[in-house]
Protein chains: 2
Amino acid sequence: MYSQINKNISRYVTFDANELEVFNSLLEYKAVPKKTIMLQEDEMCSFEAFVIKGCVRKYYIDANGFEVILQFAIENAWVSDISFSIYEDKPSRVYIETLEDCEFFLFSPETKEELFTKAPKFERAFRILMQRSLAVTQDRLFNTISKSATEKYLEFLEHYPTLSQRVAQHYIASYLGISAEFLSKVRTKIAKL
Amino acid sequence: MYSQINKNISRYVTFDANELEVFNSLLEYKAVPKKTIMLQEDEMCSFEAFVIKGCVRKYYIDANGFEVILQFAIENAWVSDISFSIYEDKPSRVYIETLEDCEFFLFSPETKEELFTKAPKFERAFRILMQRSLAVTQDRLFNTISKSATEKYLEFLEHYPTLSQRVAQHYIASYLGISAEFLSKVRTKIAKL
DNA sequence: CGCATGCATTGAACTAGGACAAGAAATGAA
DNA sequence: TTCATTTCTTGTCCTAGTTCAATGCATGCG
């Protein structure tokens, strides 16, 4: 049950059995059916979620009512609205929705603090996870600015080979920052090669 | 001399005099003249820099040789290539260049580790800084995808009021993900209102 | 089973922004 | 001060991607 998340958290920092036990004891398990909105704009994001199974999307809604998908999180990924923090008391701008039936391990801000108090080395592990997310997001920003729709789509397929089978195409379009219609045209053009 | 950086690092975590002294003793001061490239593609990024004074840009170069500016860092901001880490041995894809005469405090990976060993609470401060950067980058990604050139430029002016005076316009264009010529047209259109 | 809703495709008309080129203005070095 | 280099502006033409239908396809639900 805990091996997945323990492997994930131990990727850059080594923990002993005792530390992992503390870690596991603070996790809250939760199953959530597909198409459930776990976080809405203006709510406080009260969790940090590790995906054991399933797929979720995290998105903003822009001034014209359009959704922009910031992240797909599948097995072994973390999701939450990090712009929320207990340090700044701002409500969230993001939505988090399950796209499939999901299972999670959840941290609340409180249990996370408890973890850091009981086993400070986790501070380090989460710092490095944060750093990895930042690197990924910066790469994505670079791609969004500098690449054509076709290039972005091909790179998406390479990077997330299973995801194009699992989620609707208009979600992928929204993630790539192009219209659903144009993605369809890109795909037929690619298929003809 | 140290008050700026001490204020910055204490923003979300409180340190005692002793901890700050350890922190300060590990900082390396460095002045760098304008137009100096501090980091190039394929080099290892061996520093994390706090800007005491001046302005730098951090950018990628895309497949067609175009620069894409990821970040302007001015007084009290941090710059480095975080995709580099001592945990993954990958060379950098980014360039960091001073746009003005600059003064920095630098950490090398080694002194940063030394800091964490001597005063583990800094692990927390850097985790939160990382979290803030991620939130900013995600917002920027959202803007890049969902807003028009005009909207992005106006928001830039609001967000970085001094920067438009300090850096060349084609750099701002590159940051916004639009061509320098089009930014010029946007500006004349705005001026006519 | 049939129906309704959501999803993907295709086409036609449109537009935001890009590429290129040429000139004006500003900056800076000798 | 002059010349050179870089930066900014403006115009013309061009294209990648959008918007708005319309149509066919799935898929889930009573």
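Helices here are DSSP runs of H or I with at least four residues, strands are E runs of at least two, and both are numbered from the N terminus. The model is predicted, with local features needing pLDDT of at least 70, side-chain atom pairs counting only at pLDDT 80 or more, and totals for chains, interfaces and linings using all residues. Residues are numbered from 1 along each chain as its sequence is written, while chains are lettered from A and ligands numbered from 1 in the order in which they are written.

In total, 15 residues surround DNA strand C, the closest being A:Gln169, A:Ser184, A:Thr188, B:Ser179 and B:Phe182. Helix 8 of chain A gives the largest share of this surface, six residues. By class, the surface near DNA strand C holds five nonpolar, six polar and four charged residues (nonpolar: Ala, Val, Leu, Ile, Met, Phe, Trp, Tyr, Cys and Pro; charged: Asp, Glu, Lys and Arg; polar: the others, Gly among them).

Turning to the protein chains, 30 residues from chain B and 30 residues from chain A form their contact, where C-beta atoms, placed from the backbone, lie within 7 Å. On the chain B side, strand 5 (67-73) and helix 4 (121-146) each supply at least two residues. Helix 4 of chain B provides the largest share of that side, 18 residues. The side of chain B that touches chain A comprises 16 nonpolar, nine polar and five charged residues.

Technical notes: Near = placed C-beta within 6 Å. Contact = placed C-beta atoms within 7 Å.
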